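Reader: I am new to this structure and would like a short tour. May I put some questions to you?
Author: Please do.

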Amino acid sequence: MPLNLVTLDLSASSIDLTRAICDIESVSGTETALADAIEHALAGQGHLEIIRDGDTVVARTNLGRAQRVVIAGHIDTVPLNGNLPTRFETLDGVDYLWGRGTVDMKAGVAVQLKLAAELTDPAVDVTWMWYDHEEVSDDLNGLGRLARNRPDLFVGDFAILGEPTNSQVEGGCNGNVRIEIRTFGLRSHSARSWVGDNAIHKVAPILDLLAGYQAREVEVEGLVYREGLNAVGISGGIAGNIIPDECMVHVNYRFAPSRSGPEAIAHLTELFGGYEITVVDLAEGARPGLDAVLAQEFLVAVGGTARPKYGWTDVARFSALGIPAVNYGPGDPLKAHADDERVALHQITECEDGLRSWLTASAG
């Protein structure tokens, strides 16, 4: 047993369990204590097979059901900013749990852990995954590592990712590409600028194009995805008395899942074809996957109408493996990463009730 192990009570309410999990600090790269606590809490559950890969914990049933569902959530958070320990607060008549990770996405993790322990006879076999390093670079992502190390664990007919969605179903996700656009000139002393060629001035047409760009709204399988093309950084200049010979604009393109990654890059190349372009990051989007039978049954069980997911999430990993996947978890995504991050308590219980209803609908 690890030293200083924190004990999680999986019989507690999903609200209290959320608070306990959030109070175990797990900024990306420091997830071990929480992973240890999760593994220890599940170890006594006879209906679950437990697998550990780094700081990713997997628990799965093996009941011989005709279908298998993968339900996943990441256990890391972005850095703290005075927002731990958690606290309860009431704003405008709504009760919240305030603190880092409450929205993104430890409330979803708490719901999943509680149901993993309690549902000994679900209607489908379930593979539960709690993974590390989601909030940092893709090469560190625990779900990606697990897929490489244990691809057999990714066999399934449907997947749910517990990203915050206000406890509503959000299908698929936009793709994401980042590029660097460079302009070049000639250095000179700023007192004799006419003998130089200012590279910073040359980015003006790039910025004008970005400012005037009309982002598309694209319908994909009944959901309307909104794209975005924006400058997210700019760098250039050598010193206060030197005309710069190079400047770089960092551009982010969020593209609808109707486009592939190569098609998105081709679009950017068409827009900025007169400049040097370097692709620094690319993540494919994911189509909604709502035409799957299990997805339709899930929608009925949790109620509401499916919406598009504008940001990129790990549903794209499942989609790439041929597993239809949706996002479903408590919390307002607008509060993810915010200093006043907080989750409405009623959303935690709504998410728990929705998943429980669906996973037990035909049990026995």
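Reader: How many salt bridges does the count come to?
Author: The count comes to 27 salt bridges, a salt bridge being a side-chain nitrogen of Lys or Arg within 4 Å of a carboxyl oxygen of Asp or Glu. This is a predicted model, in which local features need pLDDT of at least 70 and side-chain atom pairs count only at pLDDT 80 or more, while totals for chains, interfaces and linings use all residues. Residues are numbered from 1 along each chain as its sequence is written, and side-chain values use heavy atoms, with hydrogens and water left out.

Reader: Which residue forms a salt bridge with D121?
Author: R65 does, and the closest N and O atoms are 2.3 Å apart. The pair links distant parts of the chain, 56 residues apart. D121 is in the loop between α3 (102-118) and β6 (125-131), and R65 is in the loop between β2 (56-60) and β3 (68-74). Helices (H or I, at least four residues) and strands (E, at least two) are DSSP runs, numbered from the N terminus.

Reader: A change of topic: what does the domain assignment give?
Author: It gives domain 1 (14-173 + 286-360) and domain 2 (175-283); such bounds come from an automatic or database domain assignment. The C-alpha centres of domain 1 and domain 2 lie 35 Å apart.

Reader: How many residues of each are in contact?
Author: 15 residues of domain 1 are in contact with 12 residues of domain 2, where contact means heavy atoms within 4.5 Å. The area buried between the two domains is about 1,100 Å², and carbon and sulfur atoms give 58% of that area. Buried area here is the accessible area (1.4 Å probe) that two parts lose on being put together, summed over both.

Reader: Which three residues supply 47% of the area that domain 1 buries against domain 2?
Author: They are R287, Y310 and W312, which supply more than any other three residues.

Reader: And how many salt bridges does the rule find across that interface?
Author: The rule finds 1 salt bridge between domain 1 and domain 2. E221 also forms a salt bridge with R287, with the closest N and O atoms 2.9 Å apart.
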